[in-house]
Amino acid sequence: MNAPLPLAGVGAGGAVGSALRHESALLHVAGQATYIDDIAVPPGTLHAAFGVAAHAHARLTSIDLAAVRAAPGVVDVLTAADLPGANNYGGIVADDPLLAAGRIDYHGQPLFLVLAQSHLAARRAARLARVEAEALPAILTIEDAIAAASYIAPPRELVRGDPDAAIRAAPHRLSGRTRCGGQDHFYLEGQVALAYPDEDGQVRIVSSTQHPTEVQHLVAHALDLPAHAVRVECRRMGGGFGGKESQPALLACMAAIAARRTGRPVKLRLDRDDDMVITGKRHPFLIEYEVGHDARGRILGARFLLASNCGYSTDLSGPVNDRAICHVDNAYFLAHVAVRNLQCRTHTVSNTAFRGFGGPQGMFAIEHAIDAIARALGADPLDVRRANYYGGAGRDTTHYGQTVDDNILAAITDDLEASAAYRTRRAALAARNARSPIVKRGLALTPVKFGISFNATHLNQAGALVNIYSDGSVLVNHGGTEMGQGLYTKVAQVVAEELGIPVTRVRVSAADTHKVPNTSATAASSGSDLNGMAARDACRQLRARLAAHAAALWGVAPEAVRFAGGRVASAAHSLAFDELAHKAWFARVSLSAQGFYATPEIHWDRQRLHGRPFYYFAYGVAAAEVAVDTLTGETRIERVDILHDVGTSLNPALDRGQVEGGFVQGAGWLTSEELWWDGHGRLATHAPSTYKIPTAADVPRDFRVRLVDGCPNRVPTIYRSKAVGEPPLMLALSVFHAIRDAVASLAPAGRPVHLDAPATPEAILAAIDDLRGEA
């Protein structure tokens, strides 16, 4: 059995690079970590529940709430007419109503809010309303939206070179059509907000959110208040994955409105079914492509259509689709390419951010094309992938104009191909499949190149507040939020490293808009990059003040003062950090500093889809082996080998956990997590009984994960580390293509495999029937 990870590291006790356990690990396993639903609410707290629409698209004519108001325990009911400010929680475009007014745009849309003395009483009462609505034609699919020209934004196209001419002149051409489904975030802690009315009309909200500042601003608009009258706090979330970036504002706004209206605290918590029905998902994409290539499989020209189901409103669909466009190359140089993007408006829940933020869908498109080329040529897909890699003269610029100058793809592919014994195992699997008529095995090795930074340049900033108390203990507050990924642990390590003290002397407090203002969402894998650098800036200000004070005490130059091992020393002097902190306080030296960081060198022209949107790229490769039962369509992941690039790791234990978790979540998206709406726009898969996320039994039987060693980030990020939250999810494309490889073994080489994602047993059986010519 492995020994438990230490809380404190070696040396200074908070050394960056130490494999420290998560700062809340013991609280998590003991059930003592406080989430919002665990907070003891004061007497008189009201509990809220939404009443929701039963139509996908309708004209709302009347709502009879008499039975709701008369229900046991009900204190008040709010409709759109009762809202004091903006009826909107859309962060980019104001097209997300808090409560529907006059028109219903999706099944499950909130119509009214019930306030009651208990959560159960509110939920029961919400079912008693009599809603009159005139049904209208509903657009439910991407194809329907395209036919009706129903879009949330005009179609967009990025073109480099002359793709049509390149395709026509190519010796080989092929085209394809596929789709990848959506995905529910299925965070363990559902959406929840707790609002307290405060003096002078102010309000304080504890929100399970990745974006406290956006919640603050939208609540202020909803209450018609200035931002300084709204305080938003978040100590931790029980998972987010992008689902708590824009969605929490709905609950926070309504809880705040109700609290201010009644003068009582209000808690609004969605149960799992309501959460899945009301909140957005990963965007499903319909993908079409046409490519021209040479005999090696190198792409000479390509044209892609990326059509996404955005749902009824804008939400974050614009930037999600931008990132899909930017990642349609994945690891491959495309000299001549056109990418047309359709952002389809449908009468379904508005889709939103999800880990990868459009990147996985863009990568899915190019990987599908690459695999199709390999099948058509009868070549090993890895050889075709390598033939198209970035690298070599004139092959280092993306289709959106950014130079790929930190490319390690070839080297890490060489490493994993050898360590995973890829060639030997492929030959062995071919022989095994020839002997096995029912269970077929497949093997695929796929790469990832993922850009790190927000596409929206202005969001690449962060602030941090570091306070040293007179006893030498340190409290840190920053704009990032903790959702289990270990951001607070990494920031504590950074602070401990900078001040030369044990990490046990550092505490990171809840994200709080009254302490660090104007923060960006903890998203885009940028949490450590941004907030770690901001915290370092604050620490260096404090260290300079302390060094100057110590230098004055000792009669030495400030440059001669060193901080390490919990002590401050010069060549001839030494004292404990705690003692110096007390002396500095006594001498009236400020022990509080506000740090700031803005990512340099990035720029993005959203109209031209051109620039340097990413500060750097993170890379990875994965080899997955699967077994497919061709009678039932069931799959099993037998072995996975991963080599992932995290630069110089801030915390190898946390980084490895992110790689493993991201991979398994990606495998769920591509295999088992099927969202299904009926012909009336009702989500049928709204509970774990029908929506299947991976379980412990779905983790690869043989799971080998390594972090790239000795390869620091080439740009000056926090201690030359790299982001790790999102990139590993796309490594799961290896699982999908291993399934395709297994299915392909049922027919002679050269036959195309028509398999969409998720590759559920039904989808696999359909692909097998198609391949055999039985359907």
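Which residues in H10 meet which residues in H18? In this predicted model, Met363, Phe364, Glu367, His368, Asp371, Ala372 and Arg375 are the residues of H10 that do so, and their partners in H18 are Leu733, Phe736, His737, Arg740, Asp741 and Ala744. Sorted by class, the contact of H10 with H18 has six nonpolar, two polar and five charged residues. Helix H10 covers residues 359-377 and helix H18 covers residues 733-744. Their axes come within 11 Å and cross at roughly 30 degrees. Angles under 35 degrees count as roughly parallel, so H10 is roughly parallel to H18. The crossing in which H10 passes H18 is right-handed.

H14 passes H15 in a right-handed crossing. On the side of H14, the contact is made by Leu487, Lys490, Val491, Val494, Val495, Glu498 and Leu499. On the side of H15, the contact involves Gly527, Ser528, Asn531, Gly532, Ala535, Arg536, Cys539, Arg540 and Arg543. By class, seven nonpolar, four polar and five charged residues take part in the contact of H14 with H15.

These helices belong to a protein that has 19 helices and 29 strands. For 775 residues, a compact globule would have a radius of gyration near 28 Å; the value for the protein is 27 Å, which agrees with a compact globule. Along the principal axes, the C-alpha atoms of the protein fill a box of roughly 80 × 75 × 50 Å. Of the 775 residues, 60% count as buried. Among contacts in the protein with a separation of 6 or more, 80% are accounted for by residues 24 or more positions apart.

Several loop residues were also examined. Ala331 is placed in the loop between helix H9 (317-326) and strand E15 (337-345). Is Ala331 buried or exposed? Its relative accessibility is 0%, and buried means under 20%, so Ala331 counts as buried. When residues up to four places away in sequence are not counted, Ala331 touches Asn388, Tyr389, Tyr390, Leu409, Pro447 and Lys449. Ala421 is 90 residues from Ala331 along the chain, and the C-alpha atoms of these two residues are separated by 22 Å.

Two loop residues have a positive phi without being glycine. Asp224, with phi near 55 degrees, is a residue other than glycine. Asp224 is found in the loop between helix H6 (212-223) and strand E11 (230-234). Because its relative accessibility is 62%, Asp224 counts as exposed. Asn518 is not a glycine either, and its phi is positive at about 55 degrees. The loop that holds Asn518 runs between strand E20 (511-512) and H15, the helix that makes contact with H14. Asn518 counts as exposed because its relative accessibility is 52%, and exposed means over 50%.

Finally, the peptide bond that joins Ala757 and Pro758 is cis, with omega about 5 degrees. Pro758 has its place in the loop between H18 and helix H19 (761-772). H18 is the helix whose residues meet those of H10.

How values were computed
Residues are numbered from 1 along each chain as its sequence is written. This is a predicted model: local features need pLDDT of at least 70, side-chain atom pairs count only at pLDDT 80 or more; totals for chains, interfaces and linings use all residues. Side-chain values use heavy atoms; hydrogens and water are left out. A crossing is left-handed if the near helix is turned anticlockwise from the far one by less than a right angle, and right-handed if clockwise. Helices (H or I, at least four residues) and strands (E, at least two) are DSSP runs, numbered from the N terminus. Contact means heavy atoms within 4.5 Å. Ala, Val, Leu, Ile, Met, Phe, Trp, Tyr, Cys and Pro count as nonpolar, Asp, Glu, Lys and Arg as charged, and the others, Gly among them, as polar. The radius of gyration is taken over C-alpha atoms; the globule rule is 2.2 Å times the number of residues to the power 0.38. Buried means under 20% relative accessible area, exposed over 50%, partly exposed in between (1.4 Å probe, protein chains only). Axes are lines fitted to C-alpha atoms, for helices over the stretch in contact, and angles run from 0 to 180 degrees between N-to-C directions. Angles under 35 degrees count as roughly parallel, over 145 as roughly antiparallel, 65 to 115 as roughly perpendicular and the rest as oblique.
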